[in-house]
Amino acid sequence: MTDDKTIESLVDRFKKKDKIALARLITIVENEPENAFKIFKHFEDINNDSYIIGLTGSPGVGKSTLTGAISQKILDEGKSVGIISVDPTSPFSGGAFLGDRVRMTNISLHPNVFMRSLASRGYKGGISRAVFDISMLYEAFGIDIIIIETVGVGQAEFDIYNLVYTVVVILVPGYGDVIQMQKAGIIEIGDIYDVNKKDLGGEDIAVQIEMMLDDTTFQSGYRPPVVLTDAINGEGIDELLQYIWDHKEHLELSELLKEKKENRFSYKISELIYSKVEQIVKKSFFNQGKITELIQHAMDDGKFKIYEIIHNKFEVMNLEVKEEE
Ligand SMILES: Nc1nc2c(ncn2[C@@H]2O[C@H](COP(=O)(O)OP(=O)(O)OP(=O)(O)O)[C@@H](O)[C@H]2O)c(=O)[nH]1
Ligand SMILES: [Mg+2]
């Protein structure tokens, strides 16, 4: 566990825009979520708001390549970029990191870009928790645009929808048909649809998405656009980026951005409360030993009794469910 002195000196350096201090603080929030408050309490005087974009799609559709291409354009506009890549394929080897570095080599050395790759498993409180906290650090660092790259959508493990403002869903030629997309829940969550690898085709899938969108009613008056890109050769990237800014403008003008931010905090506040309650419960009266004991009890003919034992334990602690005063 990192001590308070180290955290404080890192925060000082962080406030002087030291990228190494940012990297170290990211590692701390990743691995020691219970220490996050010791970092964030020093940031009260900071009020930077980053704009947060999510790129999501199946493995190999070109998320990292697109992230690199988009980031380059954003850097050219004089803005800073913070990237978080969540990699599903190599949770143990750390290969994600190296792979993404290779795909984003052009930008990875730029002074205004920051990158972090996370394996999708092994975080206390889950990957969403880690991604959220890292995005908070990026915001505090003063980063303008945050890009979160993640595989898949709507999983319990990682719900990008709660974390970002603009969701870009990436598809590729040969992905499958519209029915599959609907089943996967993809069609509900995209703010922009990007058919990447257009050098390999993709017109047909773009048409299918357009037709599906035609059959959908959009309450807010915003209809998601469909764009074709070739991330390797940089084709369609300007258009994609323009759609991202258009969506941002739509959110700002319609007050929906405020709603998204409220959602984001609602999600985070619940998470903070539940993880604290979990910690308290596990520490004070249901530690692993106790749980093992209960399992044994259940195995030894006590399986119907476990409901009552747990109920009573809370009553003894005077922890009934009551309304807040
Ligand atoms: N032909 C073609 N290949 C592309 C394009 N964009 C990316 N690729 C290639 O597709 C492969 C996967 O690209 P990545 O950017 O790593 O895809 P990803 O979605 O980030 O992959 P994961 O993070 O592993 O899920 C690489 O070999 C890229 O070079 C494109 O527009 N056209
Ligand atoms: Mg990737």
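Visitor: What should I know before I start?

Guide: Residues are numbered from 1 along each chain as its sequence is written, while chains are lettered from A and ligands numbered from 1 in the order in which they are written. This is a predicted model, where local features need pLDDT of at least 70 and side-chain atom pairs count only at pLDDT 80 or more, although totals for chains, interfaces and linings use all residues.

Visitor: How many helices and strands does the protein have?

Guide: Helices (H or I, at least four residues) and strands (E, at least two) are DSSP runs, numbered from the N terminus. Here you'll find 14 helices and seven strands.

Visitor: And how do I tell what is buried?

Guide: Count C-beta atoms, placed from the backbone: a residue is buried if 20 or more others lie within 10 Å of its own, exposed if 12 or fewer, and partly exposed in between. Of the protein's 325 residues, 34% count as buried.

Visitor: Is V167 buried or exposed?

Guide: V167 is buried, because 23 other C-beta atoms lie within 10 Å. You'll find V167 in strand β5, residues 166-171.

Visitor: Which residues does V167 touch?

Guide: Two residues are in contact if their C-beta atoms, placed from the backbone, lie within 7 Å. Not counting residues up to four places away in sequence, V167 touches G54, T56, I160, Y161, I189, G190 and D191. For the whole protein, take the contacts with a separation of 6 or more: 75% of them join residues 24 or more positions apart.

Visitor: Where is D230, and what does D230 touch?

Guide: Look in the loop between β7 (226-228) and α11. D230 is partly exposed, because 19 other C-beta atoms lie within 10 Å. Leaving out residues up to four places away in sequence, D230 touches K197, K198, D199, E235 and G236. From D230 to K197 is 33 residues in sequence and 4.9 Å in space, C-alpha to C-alpha.

Visitor: How about A298?

Guide: A298 sits in helix α13, residues 288-302, and is partly exposed, with 14 other C-beta atoms within 10 Å. Its contacts, apart from neighbours within four places in sequence, are K303 and I306.

Visitor: How do I describe two helices that pack together?

Guide: Start with the axes, which are lines fitted to C-alpha atoms, for helices over the stretch in contact; angles run from 0 to 180 degrees between N-to-C directions. Angles under 35 degrees count as roughly parallel, over 145 as roughly antiparallel, 65 to 115 as roughly perpendicular and the rest as oblique. Take α1 (residues 4-15) and α2 (residues 19-31): they pack at about 135°, with their axes 8 Å apart. That angle is why α1 is oblique to α2.

Visitor: Which residues make that contact?

Guide: α1 brings L10, R13 and F14, and α2 brings A21, L22, R24 and L25. For classes, Ala, Val, Leu, Ile, Met, Phe, Trp, Tyr, Cys and Pro count as nonpolar, Asp, Glu, Lys and Arg as charged, and the others, Gly among them, as polar. The contact of α1 with α2 has five nonpolar, no polar and two charged residues.

Visitor: At what angle do α4 and α11 pack?

Guide: About 75°, with the axes of α4 and α11 10 Å apart. That makes α4 roughly perpendicular to α11. The contact involves A69, I70 and K73 of α4 with I237, L240 and L241 of α11. By class, that contact of α4 with α11 has five nonpolar, no polar and one charged.

Visitor: Which residues surround ligand 1?

Guide: Ligand 1 has 19 residues around it, the closest being P59, G62, K63, S64 and T65. Helix α4 (residues 63-76) gives the most to this shell, with three residues. By class, the shell around ligand 1 has six nonpolar, seven polar and six charged residues.

Visitor: Which loop holds K17?

Guide: K17 is in the loop between α1 and α2. K17 has a positive phi of about 70° although it is not a glycine, and K17 is exposed, with 11 other C-beta atoms within 10 Å.

Terms used: A residue is near a molecule or strand if its C-beta atom, placed from the backbone, lies within 6 Å of it.
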